[in-house]
Amino acid sequence: MICITCMRPVDSLYTVYSNDHIQLTDCPFCQEIVDKYVEIDNVLLFIDLLLLKSGAYRHLVFNSLELHLSKYPKGKELNGCQSLHDYTLALIFNVRNWFCKFDRLNRLWLLLLSFEIYLTWVTEESKFIYYSNRSNNDGKFIMLSKNLPETFKWDSTIMRSTITSKVFTWNPPMQYLYFASYCILDVILFHTLIRYFILERLHWGRDFVYSKDIISYTILLSYGAKIFPILMLIWPYDTLISMSIIKWVANFYVIESLKIVTKLSYWNIIKIFIIVSVFRYCLVKPILIFFVAEFDFSIIKNLIQQEFMLLLQKSGTYLLL
Ligand SMILES: [Zn+2]
């Protein structure tokens, strides 16, 4: 457990007296209340999370998480098992324990992912319609389009031979399956790489027992900002520009929450974020192209070439979309 103001370890968050009176502990280092969120209800906590209050994040990812995880036993060592029977029993115990331990968090991930899949589907569809019908002079952020080489100028036929256009010829359940694989792969990569860079490269969290879970929970909480556009589907603001602004806001939430929790410098976190984004961009779509093209290398080559041309054209005329 830590003090949410100075982040130094403390023994307890509050003391319970015999008449059920609770007194919050004061921090011996900074003299502030160790964790005032113990008494604050979930609605206010949620609002403080949206406002990126450091105390709210630290209360949830350090104190609340540790309290929850400490109720469950540690996983059994698989290396020490003598027979296959012992190994299977230990494995079943570990899997069951994991599901009980992370039940609440897994449900939250499932909810966020289902929103994300739907939103990606909607955005990709509107992008596809927009780019397919776009002419060279459309758009508000046209850059030097008269002096650009031909490959950078907008050609709407390119959009009709990309992976997205192929996917939109499929039936809706198959389209859903494609976008579900896209989002799941993207989240797994993002989550694993951020955790790897912060824990293994920057060596953060050596003093915390649950450092892996702390980073995972922080990503989960900040990832919530990604589902803001769901409100824009209820009210008619679902233009591509507002969608991309929200995407940047969500990225800002991830960077700021990682900064609050780890106290690493902004430069380090932004550097990790850029590296991870490049990895995601270069890996997720190419992996899916392999499956969509059914491992036919001439189709794979053609699709990757079209994606690259599309990227050149987007960077030539539009910066935001
Ligand atoms: Zn303190």
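A residue is called buried if 20 or more other C-beta atoms lie within 10 Å of its own, exposed if 12 or fewer do, and partly exposed in between, with the C-beta atoms placed from the backbone. By that count Phe-295 comes out as exposed, because it has 8 C-beta neighbours inside 10 Å. The structure here is a predicted model, where local features need pLDDT of at least 70, side-chain atom pairs count only at pLDDT 80 or more, and totals for chains, interfaces and linings use all residues. Residue numbers start from 1 along each chain as its sequence is written.

Now for the overall layout. The protein has twelve helices and two strands; these are DSSP runs numbered from the N terminus, with helices being H or I runs of at least four residues and strands being E runs of at least two. Going from the N terminus, the order is β-β-α-α-α-α-α-α-α-α-α-α-α-α. Of the 321 residues, 19% are buried. Two residues are in contact if their C-beta atoms, placed from the backbone, lie within 7 Å. Among contacts with a separation of 6 or more, 65% join residues 24 or more positions apart.

Helix H4, residues 103-132, has 30 residues and reaches 43 Å from its first C-alpha to its last. That is close to the 44 Å expected at 1.5 Å a residue, where the expected span is 1.5 Å times one less than the number of residues. Within H4, Glu-116, Leu-119 and Tyr-131 are buried.

In the model, residues 176-194 are 100% helix and 0% strand, with end C-alpha atoms 27 Å apart. Residues 273-293 are 95% helix and 0% strand, and their end C-alpha atoms lie 30 Å apart.

Phe-197 sits in helix H7, residues 172-201. This residue counts as partly exposed because it has 19 C-beta neighbours inside 10 Å. Leaving out residues up to four places away in sequence, Phe-197 touches Leu-202, Ile-272 and Ile-275. The C-alpha atoms of Phe-197 and Val-276 are 9.0 Å apart, although the two residues are 79 residues apart along the chain.

A nonpolar core is a set of buried Ala, Val, Leu, Ile, Met, Phe, Trp, Tyr and Cys residues joined through C-beta atoms within 7 Å. The largest one has 28 residues, and Tyr-57, Leu-60, Val-61, Ile-214 and Val-261 have the most contacts inside it. Two or more residues of this core come from each of helix H2 (54-69), H7, helix H8 (211-223), helix H10 (240-262) and H11. H8 gives the largest share, six residues. Not counting residues up to four places away in sequence, Val-261 touches Tyr-57, Arg-58, Val-61, Ile-214 and Thr-218. Another core, of ten residues, lies apart from the largest one and includes Val-167, Tyr-178, Tyr-182 and Val-187.

Finally, a word on backbone angles. Most residues other than glycine have a negative phi. Phe-295, in the loop between helix H11 (266-292) and helix H12 (297-317), has a positive phi of about 60° without being a glycine. Met-7 also has a positive phi, near 60°, and is not a glycine. Met-7 lies in the segment before strand S1 (14-16), and counts as partly exposed because it has 16 C-beta neighbours inside 10 Å.
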